[in-house]
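The following questions and answers are intended for study alongside the displayed model. Please keep the structure in view and locate each feature as it is named.

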Amino acid sequence: MKNKGFIRFVTILLAIVSVYQLSFTLITRNVEKDAKAYALESGQRYKDVIDSLRGVEVYNLGVAQFSYQECKKREINLGLDLQGGMNVTLEVSVPSLVNSLADNDEDAQFQQALTEARKEYLGQQNFIDLFASKYENLNPGNGLARIFYRKERKEALPNQYNSTNKEVYDWLKSEANAALNRTYEIVKTRIDQFNVAQPNVQLLDNGRISVELPGVDNPDRIRDILQSSAQLEFWQVYRNFQAFEFLQEADKIIAARLDLESEKDSTDTEEGTGLQPADIEDNSSELEAVTLEPVGGTETVDTNGLTSPDTNSLAAAANDTSATDTAQQLSREEFLKQNPLVARLIPNADQTNNQWNPSAPIGYVAKKDREFFDQWLNDPEVKDALPDDLNFRWSYKPTPDGSFYMIYALKSSLDNRPALEGDVVTNARPTLDNVGRYKVSMSMNKQGAKEWRIITSNAKDNKDPIAIVLDSMVYSAPAVQDEIPNGQSEISGDFSVEDAEDLANILKAGRMDAPAHIVEESVVGPSLGQAAIDAGLLSLVIGFVLVIVFMILYYAKAGLYAVVALLANLFFILGVLSGYGAALTLPGMAGLVLTIGMAVDANVLIFERIKEELVTGKGFKAAVKNGYRAAYSSIIDANITTLIAAMILMSFGKGPVAGFAIILFIGILSSLFTAIFLTRLFVEWDIKKGTETPFSTAFSKNIFSSFNWSFIANRKKFYIVSSIIILAGVGSLFTKGLSTGVDFKGGWSYVIKLDENASTEDVRSAISEVIPETVEVKTYGTGNQFKVTTSYWINSQSAEAGTEVKAKLLEGLTKFNATDDNVLSESKVGPTIAKDIKVDSTWAIVLSLIGMFLYIVVRFRKWGYGLGATIALFHDVLIVFSIYSIFYGILPFTMDIDQAFIAAILTVVGYSINDTVVVFDRVREFLGSHKYEKDSAGVINNAINQTLSRTLVTSLTTLLVVVILFTFGGEGLKGFTFALLVGVAVGTYSSICIATPVVVDITTKDKGK
């Protein structure tokens, strides 16, 4: 083998990279294990302990150091179906936005077009285009500028009332995109407040927002927060040195309370404080080691260019230096006891001359200390001692390193209200000043301009800041330079274009009515997630052990080399998965198990070829060389077709299914490398040592050598058998149909576990008494577990719909004493999402079939091969659908047609074409070497028999691991693995008994012509 040195180099490099990537997972697991033990021993909450470690260095590689938070970002990310949590898909209501931009104009044709577009809109098309089509049909030639143009929109619609409808539609699209981006930023900020480990918020291509929150235990609160309207406000601000004095006053009360509680119980954490004196000391020592980077122009939180505070002088803040003197006289522990808040604050001051910075924040507080501040600043006794108009608020995002937040002191007007509500803002946009710097221009309506004039007039003398607050978080606090008489304001600072756009979007949040609705969600409880992990790992281990045993029994020492390559393959897959940042989902674990079975395919092809070469009498070295070379074509062809299926699934799948596709894709590439190159390195080492690697055992040496079945001669019998099954399935499809999962029809789905014995009919009857819509109940595994599905209230836009439906479910189950704890998982798929999944699934299957056909035609240069392969694929898909139609409701597990089923179908398509290509490749080879044989059917039959050993061995190893997955993989994989089980068996049958015979029939007809 050429380039052995390069292969060794790549192998070592892959191993080093994989070890590096996987090391972060080991580090975080050890840190979390120690944190749990410490929390248990000290009586603290685990969340508090782990939060205190986020910025702490836990991994030192010499050339690089990593904090716990950095390691957490690099570890293998588990999907929600494995660790529990909540996944939500949000959709911004563009129809509501359009109506809001029109100020709810009552024009009859406008409202009719909007209504018709709403009814027809299902999420697949652009709503503005749909609305435009409806409006033009109803009112061709009548301009929309009369409805949408306003004075403050002059720049967006420069032709004013003469703007064309196209200009209006383009502007509406830009506003819709801005609303989506604004909602995305707001959702990200809201999620940050939950302190969830590894949250994932993504802006999807279809204009939706995906939110993944591992480990959340209050889904109702999440729903409320994600769907609530944004609240924009303008607040007056206390000067930071004034607010610092308020914190000092609060410290007197807090210190006394903590001291009293410490006397009562010096070892236990007092309920209500959440911290002990020892905890305070530990927190402060960590804070002293932190270096804070300048905020300045890199943040849009504040526009006044904050300086970097000196973290070694926490008390050197006030104009009065007594705090500094006191800090020097007291020990660190004593100072912290007497100043619980101030000691945790890095003041917003110039530490060199003890002068406060002119910007608004009081200072910086470590993320881990926010809860302590919130708890005490909202304490009734503390609040009574502070001014009634004082309101403390946090910055909306942390410093660049994620460790600190800024705290502000806002001054309320009457009734604890802001100085001005945000709904007075009519427009905001980024602009450039005369020297090319970005700023934000903001316009207000008449009432807002009038109040804004008074506010800015009162603030101009001292250049007081005005805080821009969204959802109770401060986004910016610019200083007022002068009175603004007409509501036209400019906010300047060291803005980048992104900063200016973000701030403009925030300012428009109070004006635009573009609510976000949950169109899809799933909640997986931690117990169900842990059960999935246990089942997945068990099936992975058992499947791997069985494949090891089989390969060694069948291929002797060569089988052992294949096993080593397989181990390296799994190692590389996990390493790449960790580096790629993809989540390991339950179907992803199934993909790993499936990869074990499919990864040996390349080795089987090579080993069988070498055995054939040895039978012809060639020397061992020549046999190895020819065997590898002859197998390359089949290996490449077979894996490219499977890659096509994986790429299509990656494009059209979502969530766990996409995770399965990613692992399948990575696994194919990795197994190609390990099977082709690593095993050859091992065999070449044996040759170099003068030994011949055995490729068979006494058991397997002649196991298929005497087989010579007449596949081609009996092809009509195969056609009849397949036709009977397909016709029975088609009949069942028309009469019985399919059990479509909630993915395809929309609705709510719950997995419940009852403490009392019950049948599916008992559960269905009980729930149907309170839910008028159709309720489906199926058994889900063992131990009184059921899967309940209903479409009740699925079209409701109410934010309370999910809570109401779940309450109804539990009301119906009161006779079984069911509570919220009995609900193991819950999910929602709205009508637009269900439509998307149907369309995407259909396209995925169609495109995979077309892709396979085109590849076979191009590769084999005969359309007959492409048609034979495509007919075989249709045959496989139809039989799997037929089996699912005939046996659903009969077999004791769910057989729903859902996204996981489509993933299984595409995997079957890839696997089947893999088998077919190998057979076709040998057929082409035999026909090429027997050009003058008149009996081409006999030649083709011999080619099938020649590959029979490879076909059956590969199918056996794959079926072995799929059976293990089906048996031990858990209830969540039953339907998925059953489809794989049927598909792999049918795919093996069709590659031999359908695809190749069809090629014979087509080529015979062509020759007859």
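**Reading a predicted model**

Q: In which loop is N139 found?
A: Helices (DSSP runs of H or I, at least four residues) and strands (runs of E, at least two) are numbered from the N terminus. N139 is found in the loop between helix 7 (127-138) and helix 8 (145-148).

Q: What kind of model is shown?
A: Residues are numbered from 1 along each chain as its sequence is written, and side-chain values use heavy atoms, leaving out hydrogens and water. Local features need pLDDT of at least 70, side-chain atom pairs count only at pLDDT 80 or more, and totals for chains, interfaces and linings use all residues, for this is a predicted model.

Q: Is N139 buried or exposed?
A: The relative accessible area of N139 is 9%. A residue is buried under 20% relative accessible area, exposed over 50% and partly exposed in between, with a 1.4 Å probe and protein chains only. N139 therefore counts as buried.

Q: Which residues are in contact with N139, leaving aside its neighbours within four places in sequence?
A: Contact means heavy atoms within 4.5 Å. With the neighbours within four places set aside, the contacts of N139 are Q109 and R146.

Q: Which backbone oxygen does the side chain of R150 reach?
A: R150 lies in the loop between helix 8 and helix 9 (165-192), and at 19% relative accessibility R150 is counted as buried. At 2.9 Å from the side chain of R150 lies the backbone oxygen of I147.

Q: Which residues does R150 touch, not counting those up to four places away in sequence?
A: R150 and A102 are 48 residues apart along the chain, and their C-alpha atoms are separated by 9.6 Å. Beyond the residues up to four places away, R150 touches L101, A102 and D103.

Q: How many residues of helix 5 are buried?
A: Helix 5 spans residues 94-101 and is mostly covered. Its buried residues include V94, L97 and L101. Just after helix 5, D103 takes a positive phi of about 55 degrees. Within helix 5, the buried count is eight of eight residues.

Q: What is the strand order of the eight-stranded open sheet?
A: Two strands pair if DSSP finds at least two bridges between them. The edge strands are strand 5 (200-203) and strand 23 (775-779), each pairing on one side only. The twist averages 15 degrees from one strand to the next. With antiparallel pairing, the order is 5-6-4-20-25-22-24-23.

Q: Which residue in strand 6 stands opposite T89?
A: Strand 4 (residues 85-92) and strand 6 (residues 208-214) run antiparallel and are joined by seven bridges. In strand 6, the residue opposite T89 is S210.

Q: Which strands stand at the edges of the three-stranded open sheet?
A: This sheet has the order 15-16-19 with antiparallel pairing. Each edge strand has a single partner strand, so one side of each is left without a neighbour in the sheet; the edges are strand 15 (425-432) and strand 19 (489-495).

Q: Which residue in strand 19 is the bridge partner of S441?
A: Five bridges pair strand 16 (residues 438-444) with strand 19 in the antiparallel sense. In strand 19, the bridge partner of S441 is E490.

Q: At what angle do helix 27 and helix 29 pack?
A: Axes are lines fitted to C-alpha atoms, for helices over the stretch in contact, and angles run from 0 to 180 degrees between N-to-C directions. Helix 27 (residues 831-860) and helix 29 (residues 899-929) have axes 11 Å apart and pack at an angle of about 5 degrees.

Q: How is helix 27 oriented relative to helix 29?
A: Angles under 35 degrees count as roughly parallel, over 145 as roughly antiparallel, 65 to 115 as roughly perpendicular and the rest as oblique. The angle of about 5 degrees between helix 27 and helix 29 therefore makes their orientation roughly parallel.

Q: Which residues does V880 touch, not counting those up to four places away in sequence?
A: V880 is placed in helix 28 (residues 863-887) and is buried, with a relative accessible area of 1%. V880 and I905 are 25 residues apart in sequence and 8.0 Å apart in space, C-alpha to C-alpha. Beyond the residues up to four places away, V880 touches F901, I905, A979, V982 and G983.

Q: What percentage of the protein chain's residues count as buried?
A: The protein chain has 32 helices and 25 strands. Of its 1009 residues, the share that counts as buried is 55%.

Methods: A polar contact is a pair of N or O atoms within 3.5 Å; within protein, one must be able to donate a hydrogen and the other to accept it, and residues adjacent in sequence count only if both atoms are side-chain atoms.
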